Amino acid sequence: MESGKNFVLGIYDDEDVLLEAVTKVRDSGVKIHEVYSPFPVHGLEHALGYKRTRLPIAAFMFGLLGFTLAVTMQTWMLGVDWPMIIGGKNFISLPPFVPVSFELTVLISALGMVGTFMIISDLKPYKKPRMFDVRSTDDKHVMAVDLGTNNLSKDEIGKVLNESGASEVNDKNFD
Amino acid sequence: MQVTSPLRETLVTGGKTVHDITEDICRQVEGKPSKSWMMGLALSLGGLTIGGYAVFTLLWEGIGVWGLNKTVGWAWDITNFVWWVGIGHAGTLISAILLLFRQKWRMSINRAAEAMTIFAVLCALMFPSLHMGRMWVGFYWALPLPNTFGSLWVNFNSPLLWDVFAISTYFTVSLVFWYIGLIPDFATIRDRATNKISKAIYGALSFGWDGAAKTWMRYESVSLILAGLATPLVLSVHTIVSMDFATSVIPGWHTTIFPPYFVAGAIFSGFAMVLTLMLVTRKLFKLEDYITIYHIELMNIVIIITGSIVGVAYITEFFIAWYSGVPYEQYAFINRAFGPYDWAYYTMMTCNVIAPQLFWFKKIRTSIVSTMIISIIVNIGMWFERFVIIVTSLHRDYIPSSWAMFYPTRYDVGVYLFSFGFFFTAFLLFSKFFPVLNMAELKSIVKSSSEKK
């Protein structure tokens, strides 16, 4: 069967039931496509076996970039391009450069990280999301299992989901 | 897995379920606006219009229509600027610093407080921009843009320039932080929307959010880092604002305690404004189960603490003026307390130092009426604090022949009214069309912190 088209959905009402269910379902050999929740469930990423996000590293790198840009810009503008005597101080006096360097570090770091987040998570204004069940933005947790990537049959997967504590088990097919 | 203490404070009353939260918050967005909301909007737009006339005249005629003179070159404009920036600080404190400290009570108030931050910072930006006179060329004066004078660059040694960077960074980061938080809630509204237009608008606003566990993981990481970035940022912003004054040589301004004193004052006035707004929003939108007396009490405790810090700072300034032995510094402070502007000084002292101390009484800090009254008093007091610092220090400086008084004209008042009109118009529009509480975050604490039926 083709992957990414035919899904079995397990609907869960409670985040703690969901957490245990994810482990149970994975232990019984079913590959989970993704879990959709109305709010962040702590520990879900561990239960699903996701690797830690490297966004903090991106934030640090962007911060470093911002800092370098800020220091270079100020030094070049006031020290090289157009040196001016201001209050009889050195052309390049580092202490007054601290505030702007700090602000630009924070600005570039924040914008860079959020931009990276938007890109890797594919968040954009004109995107139509593929919703498995609209209740997943209200109060239900939806576990989607792709029939195409699992060797088990639809009924077998449904049984596993039912036993793990799902309040409903539904089919969802995309054309 | 999360371990939940059975003794946890109740943050959501009324036995709400996850679905109830969606219903309660979305009702505002989906329903027709209430009469009181329409009246509020009409009032705000009225202020915006009358103030707009003042702004227009100011731009047409020039800064001369304000009451400024050669001695007092900064008065209401910079007072309003510092006041509005200060108000903004509470939003970031609630959403960033309380997130780092894992204070879950922030979740009922952070959305509206952050919105307040953004609108307040915009109001603040208005004043230095207008004071530039020809604000349409202000970009060249304030930003390091290549120009035909050389390029002659901006002066990175000047605290006024630091302010440009600090405020614009602060605004951008706050906006991004706020918007990231809004995305999941927009998705909730999108999935409930019944008509085409709102489906399209909230669909675009929600950036195609689907609530996948992987996205939530990244979202949590982004929120945490943004909070980590915003925390030193918020402290830096008012520090830099205070340096506009502290790095000068004007007696009364040239003080090393300004940065912490200004930051405490900012949080003090910001929390007062959050309370004023939230008490009204809570009543108007029937959010009593989410913004409980416990939330109000905690915010009042923050007001006692920061109010006391501000009080100590006032006394320290006096002590240091005496202890320094500098006659100019001593005169500046004697003039502040006993000079022609003493009424402003005593207004400030009463509103900021005495009024919040009433919150030591449990009855007063858990009463909605007294909280409302004191929060407004604190905001008046904090406006006077900036007025006192700015005008009384300037109006009598080193040369007695140049001593003068400052009297505001109707255009000073008008531009201030304009900023109020803008602030309340923006806040009312936000409260109608955006989810006023962070639904996603609140849903995550329902199980542990909701009152059981």
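**View 1. Helix 3 of chain B passes helix 14 of chain B in a right-handed crossing.** The model is predicted. Helix 3 covers residues 76-100 of chain B, and helix 14 covers residues 368-395 of chain B. Their axes lie 9 Å apart. The packing angle is about 140 degrees. Angles over 145 degrees count as roughly antiparallel and 65 to 115 as roughly perpendicular, so helix 3 of chain B and helix 14 of chain B are oblique to each other.

**View 2. Side by side: the residues that join helix 3 of chain B to helix 14 of chain B.** Helix 3 of chain B contributes B:Ile78, B:Thr79, B:Val82, B:Trp83 and B:Gly86. From helix 14 of chain B come B:Met382, B:Trp383, B:Arg386, B:Phe387 and B:Ile390. By class, this contact holds 7 nonpolar, 2 polar and 1 charged residues.

**View 3. Chain A meets chain B through 58 residues of chain A and 53 residues of chain B.** On the chain A side, elements giving two or more residues include helix 1 (15-27), strand 2 (34-36) and helix 3 (55-81) of chain A. Helix 4 of chain A supplies the largest share, 13 residues. The side of chain A that touches chain B has 36 nonpolar, 10 polar and 12 charged residues.

**View 4. The fold of chain B has 16 helices and 0 strands.** The C-alpha trace of chain B spans about 70 × 55 × 40 Å along its principal axes. Buried residues make up 51% of chain B. Of the contacts in chain B with a separation of 6 or more, 83% join residues 24 or more positions apart.

Terms used. Residues numbered from 1 in each chain as written. Chains lettered and ligands numbered in written order. Predicted model: local features only at pLDDT ≥ 70, side-chain atom pairs only at ≥ 80, totals over all residues. Helix = DSSP H or I, 4+ residues; strand = E, 2+ residues; numbered from the N terminus. Buried ≥ 20, exposed ≤ 12 C-beta atoms within 10 Å, placed from the backbone. Contact = placed C-beta atoms within 7 Å. Nonpolar A, V, L, I, M, F, W, Y, C, P; charged D, E, K, R; others polar. Axes fitted to C-alpha atoms, helices over the stretch in contact; angles between N-to-C directions. Parallel < 35°, antiparallel > 145°, perpendicular 65-115°, else oblique. Left-handed = near helix turned anticlockwise from the far one by under 90°.
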